[in-house]
Amino acid sequence: MIITDLSGLEGLIGGQPDLAQAAGAYDKLMAGAYAGYDGWLRPGRAYDGALDRRLKDTAAEIRESSDVLVVVGVGGSGLGPRAVLDALCSPDYNLKKKASPNIYFAGDSLSAPELADVVSLLEDRDFSVNVVSKSGSTLETAAAFRVFYSLLRERYGDGGARARVIVTTDPEKGALRAFAEENGLRSLPIPPDVGGRFSALTPVGLLTAAVAGEDPCRLIAGAEEQLASGREEALRYAAARQRLYAEGKSIELCAFFEPRMRSLCEWWKQLFGESECKNGRGIFPAGAIYTTDLHSLGQCVQEGERNLFETFVRVTPGERLALPAWGYPGDGLDPLAGRELSLLGGAAVEAVKRAHMAGGVPVIGVDAGALTPESLGALLMFFETACAVSAMMQGVHPFDQPGVEAYKRNLRGALGL
Ligand code: PA5
């Protein structure tokens with residue numbers, strides 16, 4: 001269960017968060033105010049037994065046939081799988097010796113060196129490709145997929161290449177759907193009523209998790225549990241954000257106190273930025289990893305312009321590590337011998353909160369507890385519901401992204417497409 005802590009607003013806001021307005025928006029959302037866009041509110045229904053079997057069989061085949069899985073996608077189609085993988089397996093997943101394949105990400109930029117780096121990692125190694133795109137026509141994804149598909153055909157021939165591609169896309173429409181049908185490629189569905197940034201709990205994020213050895217059902221169970229019992233906490237977060245925005249806090253710095261949440265932080269930025277920033281309004285979503293970024297952004301937060309608030313996200317990974325005895329008292333840290341790093345981390349959350357509040361920065365706390373597939377599923381659902389509610393309170397459509405489309409049009413024009 002995710003807990004929202006608003007004690008870090010005390011003395012730093014003039015009025016109270018409008019919980020009644022947030023509750024009204026939440027209930028409208030649940031009652032289907034955005035039917036056609038709200039499939040993510042029913043993660044368990046979309047992820048039924050048949051899909052679970054298909055996804056797990058696909059994951060098992062990839063593990064069997066490949067040393068590497070390349071996941072090609074951008075926006076929600078790249079950040080979702082990456083956020084889930086890094087949170088559960090740590091960003092160092094690929095450095096550790098594991099039974100499951102290495103998992104590399106591509107197709108999230110137009111960088112030749114970045115793509116060439118991934119290609120070079122495939123030399124002498126068997127690989128499969130999971131291309132993820134709801135629309136099927138996103139430039140970065142389509143460009144990278146061409147490169148990897150050509151490589152597959154060169155190495156394994158037409159039939160072999162076909163067997164090593166998994167297309168995750170809309171079940172009915174789009175260029176990638178048509179390509180998959182025409183070429184007999186295996187595919188997994190992104191439900192038509194689930195947009196990119198809300199799709200982490202569909203095959204978009206779940207196939208990668210399954211390939212890494214995690215059970216997708218556990219993420220789904222956590223999300224369902226959050227929906228069943230997390231209404232109050234989600235709407236408190238949404239209402240607090242909107243109250244702070246009304247009081248001139250136009251930047252939210254979402255700080256995760258755990259480096260393995262770095263990709264989730266990127267996912268969070270997309271979720272809130274694309275859903276909320278419209279019509280000349282909206283909270284600018286910025287992200288940080290603490291304590292790392294306290295050594296770069298800390299000064300700015302403590303003493304810079306007072307136009308921001310922070311959200312501190314806490315998760316507790318299972319790993320334990322105690323500091324060894326040292327015996328050289330010069331740095332004054334000897335009393336820490338035998339103490340667990342996670343306890344130091346917990347102390348840091350409180351210390352940073354007090355310091356930043358004293359500097360005039362309101363702090364919202366979001367505590368997800370022990371980091372498990374269930375709590376990760378709950379955290380994703382918590383942010384998704386709070387985001388939709390917050391956008392509704394602000395009076396914008398949470399599920400479109402007209403601003404993103406404008407640059408895409410220009411880019412296609414510039415390329416003569
Ligand atoms: O949230 C969204 O819908 C977008 O930001 C998409 O995630 C992003 O543009 C990628 O789109 P697609 O999955 O169609 O390739």
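**A walk through the predicted model**

Cys254 counts as buried, because its relative accessibility is 0%. The model that holds this residue is predicted.

Start with the cysteines. A disulfide is a covalent bond between the sulfur atoms of two cysteines. The structure holds zero disulfides. Cys254 is in none, and its nearest cysteine sulfur, that of Cys265, is 5.8 Å away. The cut-off for a disulfide is 2.5 Å between the sulfurs. How exposed is Cys300? Its relative accessible area is 46%, so Cys300 is partly exposed.

Next comes strand β7, which spans residues 251-256. Five of its six residues are buried, so the rest of the structure largely encloses the strand. From β7 the chain passes through helix α11, residues 262-276, and on to β8. This β-α-β crossover is right-handed. Strand β8 covers residues 284-289. Six bridges join β7 to β8, and the two run parallel. Strand β9, residues 308-316, pairs with β7 as well. Here too the sense is parallel, over six bridges. Follow Phe256 to see both pairings. In β8, its bridge partner is Ile289. In β9, the bridge partner of Phe256 is Val313.

Now turn to another strand. Ser128 sits in β4, which runs over residues 127-132. Is Ser128 buried or exposed? Its relative accessible area is 2%, so Ser128 is buried. The side chain of Ser128 makes a polar contact of 2.6 Å with the side chain of Ser66. What else does Ser128 touch, leaving aside residues up to four places away in sequence? Its contacts are Ile62, Ser65, Ser66, Val68, Leu69, Val70 and Arg164.

The aromatic rings come last. A pair of aromatic rings is described by the distance of the centres and the angle of the planes. The count comes to 19 aromatic pairs. One of them joins Tyr34 and Phe399. Their ring centres are 5.4 Å apart and their planes meet at 70°, so this pair is edge-to-face. Where do the two residues lie? Tyr34 is in the loop between α1 (19-30) and α2 (43-46). Phe399 is in the loop between α14 (373-394) and α15 (402-414). The pair therefore ties together parts that are 365 residues apart in sequence. Both Tyr34 and Phe399 are buried.

A further pair joins Trp40 and Phe198. Their centres are 4.8 Å apart and their planes are at 35°, so the pair is tilted. Trp40 lies in the loop between α1 and α2. Phe198 lies in the loop between β6 (186-189) and α8 (203-211). This pair ties together parts that are 158 residues apart in sequence. Trp40 has a relative accessibility of 4%, so it counts as buried. Phe198 is buried because its relative accessible area is 3%.

Which residues do the ring pairs link into a cluster? Tyr34, Tyr37, Trp40, Phe198 and Phe399 are linked in this way.

Key
Residues are numbered from 1 along each chain as its sequence is written. This is a predicted model: local features need pLDDT of at least 70, side-chain atom pairs count only at pLDDT 80 or more; totals for chains, interfaces and linings use all residues. Side-chain values use heavy atoms; hydrogens and water are left out. Helices (H or I, at least four residues) and strands (E, at least two) are DSSP runs, numbered from the N terminus. Buried means under 20% relative accessible area, exposed over 50%, partly exposed in between (1.4 Å probe, protein chains only). A polar contact is a pair of N or O atoms within 3.5 Å; within protein, one must be able to donate a hydrogen and the other to accept it, and residues adjacent in sequence count only if both atoms are side-chain atoms. Contact means heavy atoms within 4.5 Å. Two strands pair if DSSP finds at least two bridges between them. A crossover is right-handed if, with the strands pointing away from the viewer, the path from the first strand over the helix to the second runs clockwise. Rings of Phe, Tyr and Trp (its six-membered ring) pair if their centres lie within 6.5 Å; planes under 30 degrees apart count as stacked, over 60 as edge-to-face and the rest as tilted.
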